[in-house]
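Me: Please walk me through this fold. I would like to start with the sheet and then go on to the packing.

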Amino acid sequence: MICGKPLNKRHMIRHTRKCAEENAQVLGNKDEVFYLIAEGSLLPMYWILVSIPSRMTLEDLDAFLRDIWLECCRHPSFFTIDRIRYSGDPATADPGIIRTESMNKQLKTVLKPGMKFRYDFDPVAPTKLRFRIMDLLEKIPVAPGITLLARNDPPELRCGRCGGEAFCVRAGNEKINPERLLCVQCKAKESPADNDFLPLVNSPRIGMCKYNGGNTR
Ligand SMILES: [Zn+2]
Ligand SMILES: [Zn+2]
Ligand SMILES: [Zn+2]
């Protein structure tokens, strides 16, 4: 998103940090920012590299993820960090969890460099994300607030029937599989009344619930 250079995930993690620091803008207030990667736990080919001021909250990060990647119909979500659940909703019993707290927590109070943590969106048609905090930086990269620094190119997807270029995906509550992907021609053979299809979106929520990428930037 800064210099336009295409790189794979591993190289992009290194490059983007350098690129963002070189292009950092001097802003009035001096902030620390977390530099982090988020990716689909089951579909890690979908990933984003993001900078976020450490004074912002888990609520802010949740809103950003919904906006760029996830939101279809206001599903509940929660973060799991060090066996503590940060949720907008009352606790559900989970043996792996020590306690549940609100998402209204500043990132600097719950995260530190090197840390890994998880995020769950929608218990019915779940999309699971995992995160790694690459670093805490003192220079502000590029723009204030949460900044998208890099993301994956849309992966090439093939029709599960004929192998042609996929055009849409049948909606479901589980991770997409090849049988749910259809090209334009194979989709045309389906019943016209069958409108249970979703567009291909560049998101780990592809094919889930009603997510049509309406918010995908
Ligand atoms: Zn660059
Ligand atoms: Zn939904
Ligand atoms: Zn086909």
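**Sheet and core**

Reply: Eight strands make up an open sheet of mixed pairing, ordered S5-S4-S3-S6-S7-S1-S2-S8. The model is a predicted one.

Me: Which strands stand at the edges of the sheet?
Reply: An edge strand has a single partner strand, so one of its sides is left without a neighbour in the sheet. That applies to two strands: S5 (99-101) and S8.

Me: By how much are neighbouring strands of this sheet turned against each other on average?
Reply: Direction is ignored for this angle.

Me: Is strand S8 largely enclosed or largely open?
Reply: S8 covers residues 147-151. Four of its five residues are buried, so the rest of the structure leaves S8 largely enclosed.

Me: How many bridges join S2 to S8?
Reply: S2 spans residues 47-53 and runs antiparallel to S8. One bridge pairs valine 50 with leucine 148. Isoleucine 48 has arginine 151 as its bridge partner. The number of bridges between the two strands is four.

Me: At what angle does helix H1 run to S2?
Reply: H1 takes in residues 9-22. The helix lies across S1 (33-40), S2, S7 (127-137) and S8. Its angle to S2 is about 30°.

Me: With which residues is leucine 49 in contact, leaving aside neighbours within four places in sequence?
Reply: Leucine 49 is among the residues with the most contacts inside the largest nonpolar core. Its contacts beyond those neighbours are Met12, Ile13, Thr16, Ile37, Leu149 and Ala150.

Me: How many residues does the largest nonpolar core have?
Reply: Nonpolar side chains tend to be buried together in soluble globular proteins. Here, residues with the most contacts inside the core include Phe34, Leu36, Phe79 and Phe131. Elements giving two or more residues to the core include H1, H2 (58-70), S3 (77-81) and S6 (116-121). The core has 32 residues.

Me: How many residues are in the other core, the one apart from it?
Reply: Ala125, Val169, Met208 and Tyr211 are among its members. This other core has 15 residues.

Me: What is the radius of gyration of the protein chain?
Reply: The chain has 217 residues, so a compact globule would come out near 17 Å. The C-alpha trace spans about 60 × 45 × 25 Å along its principal axes. The value for the chain agrees with the globule figure: 19 Å.

Key: Residues numbered from 1 in each chain as written. Chains lettered and ligands numbered in written order. Predicted model: local features only at pLDDT ≥ 70, side-chain atom pairs only at ≥ 80, totals over all residues. Buried ≥ 20, exposed ≤ 12 C-beta atoms within 10 Å, placed from the backbone. Pairing = 2+ DSSP bridges. Axes fitted to C-alpha atoms, helices over the stretch in contact; angles between N-to-C directions. Contact = placed C-beta atoms within 7 Å. Rg over C-alpha atoms; globule rule 2.2 N^0.38 Å. Core = buried A, V, L, I, M, F, W, Y, C linked by C-beta atoms within 7 Å.
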